[in-house]
Amino acid sequence: MRAIAFAVIVAAAALVALPALADEPTIQLKTGPGLDKVEGNCGACHSLVYIQMNSPFLNAAGWNAEVTKMIKAFGAPISDGDAKDIAAYLAANYGT
Amino acid sequence: MLTRRSVLGAAGAGLALAGGGWPKLSDSRAAGAPVTPGVPAGIADAATLETLPGKKPLIRLAYRPPNYESPLDYFRTAITPNDEFFVRYHLSDIPDVDAATYKIAVGGEGANGQTELTLDDLKKLPAYEIVAVNQCSGNRRGLSSPHVAGVEWGYGAMGCARWKGARLKDVLAIVGLKPEAIEIAFNGADGPAFDKTPDFIKSIPVWRAVDESTLIAYEMNGAPLPHLNGFPARLIVPGWTGTYWMKHLISLTALTKPLGGFWMNPAYRIPVGMFPVVARFVSQENATSTPITEIVVNSLITSHADGAKVKPGNNTVTGLAWDGGYGITGVAASTDGGKTWSAATLGEDFGRYAFRPWSFAFKAKPGKNTMMVNATNKIGQTQTAALLFNPAGYHNNVMQNITLNAA
């Protein structure tokens with residue numbers, strides 16, 4: 001069941017991300033562990049520039065709160081595991 | 001929990017995006033952007049000037065959802081041209097709205113009836129014009145110290161236009177409000193990319209909805225609204241921040257209970273008692289926070305950026321001042337760090353909700369000169385010397401203190 005749910009989530013991210021707008025500027029975030037999950041999850045609903053924009057002034061707790069807000073307030077379908085990896089990536093690459 | 005249905009919904013939203021009213025970027029992208037000094041380093045690096053359809057180059061903070069601010073040099077007139085006006089969206093499914101089939105649904109449990117208005121219906125109602133500042137609640141968030149999360153705006157998430165439309169009170173009168181109606185809620189045609197994300201729906205108190213200045217505007221500076229500024233019609237709530245100026249307005253709902261949802265609480269809140277605002281939104285207040293309402297008195301030096309070069313001797317600095325609709329009565333300038341102040345000359349008055357131009361002549365001494373500006377409104381409010389820090393970075397009206405180098 002968990003595997004199926006995960007597959008559906010990945011599919012959802014891909015389906016949302018794919019139609020992305022031909023004109024959307026490509027945002028190259030810093031290379032690091034978790035970047036694929038950031039691109040797949042965060043990039044499904046918004047430009048990745050929002051990460052650069054909010055840097056570098058959030059600490060690990062601040063970035064964790066942002067990821068939690070995306071899930072709880074905005075309904076982002078991010079698995080617990082991905083959420084952890086995303087928060088860790090953001091803190092390591094765009095944190096204080 | 002994600003379901004097949006929501007996956008399809010999300011995919012559908014994505015597809016709608018691709019075929020919808022998305023900005024198509026011009027090929028002529030200018031490199032670098034004149035971002036406001038003091039914004040986070042990440043956005044100072046990433047921001048760029050970009051030309052959206054029907055617009056002059058704006059500072060792109062983000063493409064999806066689109067958030068673009070006006071550069072400082074677009075603020076040299078009291079009226080901001082449509083093609084220089086900032087663009088701000090919360091959510092990224094932004095459909096093209098067909099004016100021929102466009103309708104606004106009016107009703108709700110606080111109304112005596114319900115109806116639908118077409119754009120023609122709206123235009124048949126008595127038309128009113130008002131010059132008013134539309135300022136994003138988060139304008140200058142990027143200058144918060146410490147920085148706070150959000151769209152990191154500099155000075156340019158604002159503009160002032162001559163809006164023409166029907167009074168909201170006339171539209172509400174078509175259905176009639178029950179005595180127990182307390183808020184009017186409204187929605188726009190834009191929506192989230194993912195169906196679990198809360199749609200952007202807002203409300204204002206009934207007293208504010210029936211104020212004569214509150215319009216449903218279908219013209220901006222004598223032309224139809226630009227797509228990215230809310231075509232074919234948007235709400236105009238003069239004096240109040242942009243969060244209430246719903247673009248692509250599609251529904252008006254009279255409520256007998258306070259509107260809930262993310263965009264009313266916790267979003268767009270200020271700490272109770274922190275700011276000297278008069279207009280209250282009582283049905284939404286709680287012990288610690290209250291919705292942002294009216295714009296705080298503010299000013300901006302627009303003729304010179306911080307650090308600009310001037311010639312020694314006679315110079316004139318110009319700018320704009322505005323507030324929540326009481327009206328600007330004076331602008332004071334100081335060239336000695338705030339020890340002494342002199343009155344600037346006020347320019348043309350387009351009404352109490354408009355940008356008020358001002359100018360100040362001074363003699364620059366060779367080397368470093370400083371310029372501070374402080375606006376006053378009709379009820380005696382002035383700008384603050386120090387930031388009133390709040391977690392969302394709202395209501396930054398700290399007096400500017402810029403340096404002008406004479407050589």
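Predicted model: local features only at pLDDT ≥ 70, side-chain atom pairs only at ≥ 80, totals over all residues.
How many nonpolar, polar and charged residues make up the lining of the second largest cavity? The lining in question divides into four nonpolar residues, seven polar ones and one charged residue. Its members are Gln135(B), Cys136(B), Ser137(B), Asn139(B), Arg140(B), Thr241(B), Ile292(B), Ile295(B), Val296(B), Asn298(B), His395(B) and Asn396(B).

When the whole structure is searched, five cavities of 30 Å³ or more turn up. The largest cavity holds about 190 Å³ of space. A set of 18 residues lines the largest cavity, and those nearest its centre are Arg88(B), Arg234(B), Gly242(B), Trp245(B) and Lys247(B). By class, the lining of the largest cavity consists of eight nonpolar, six polar and four charged residues.

Pockets, in contrast to cavities, are open. The second largest pocket has a volume of about 480 Å³. Its lining is made by 27 residues, and Thr36(B), Pro37(B), Leu143(B), Tyr155(B) and Gln400(B) are the ones nearest the centre. Of the residues in the lining of this pocket, 15 are nonpolar, eight are polar and four are charged.

Is Asn397(B) buried or exposed? Its relative accessibility is 5%, so Asn397(B) counts as buried, the cut-off being under 20%. The side chain of Asn397(B) is joined to that of Thr384(B) by a polar contact of 3.3 Å. Leaving aside residues up to four places away in sequence, Asn397(B) touches Val296(B), Val297(B), Asn298(B), Thr382(B), Gln383(B) and Thr384(B). Two of these neighbours, Val296(B) and Asn298(B), can also be found in the lining of the second largest cavity.

A helix of chain B comes next. In α4(B), which spans residues 168-175, the buried residues are Leu168(B), Val171(B), Leu172(B) and Val175(B). These four lie on the same side of α4(B) because they cover an arc of only 95° around the axis. Directly after α4(B) comes Gly176(B), whose phi is positive, near 85°.

Chain A has 96 residues, and 49% of them are buried. Among the contacts in chain A with a separation of 6 or more, 64% are between residues 24 or more positions apart.

Asn54(A) is placed in the loop between α3 (49-53) and α4 (60-72) of chain A. With a relative accessibility of 7%, Asn54(A) counts as buried. Which backbone atom does the side chain of Asn54(A) reach? It is the backbone nitrogen of Gly150(B), at 2.8 Å. Not counting residues up to four places away in sequence, Asn54(A) touches Trp63(A) and Tyr94(A), together with Val148(B), Ala149(B), Gly150(B) and Glu152(B).

Note on methods. Residues numbered from 1 in each chain as written. Chains lettered and ligands numbered in written order. Heavy atoms only, no water. Buried < 20%, exposed > 50% of the residue type's maximum accessible area, 1.4 Å probe, protein only. Helix = DSSP H or I, 4+ residues; strand = E, 2+ residues; numbered from the N terminus. Arc of directions from axis to C-beta. Polar contact = N/O pair within 3.5 Å; in protein donor to acceptor, adjacent residues only side chain to side chain. Contact = heavy atoms within 4.5 Å. 1 Å grid on protein atoms, 1.4 Å probe; cavity = no way out; pocket = protein on both sides within 12 Å on 5 of 7 lines; lining within 4 Å. Points joined across faces, edges and corners; volume = space filled by probe spheres on them. Nonpolar A, V, L, I, M, F, W, Y, C, P; charged D, E, K, R; others polar.
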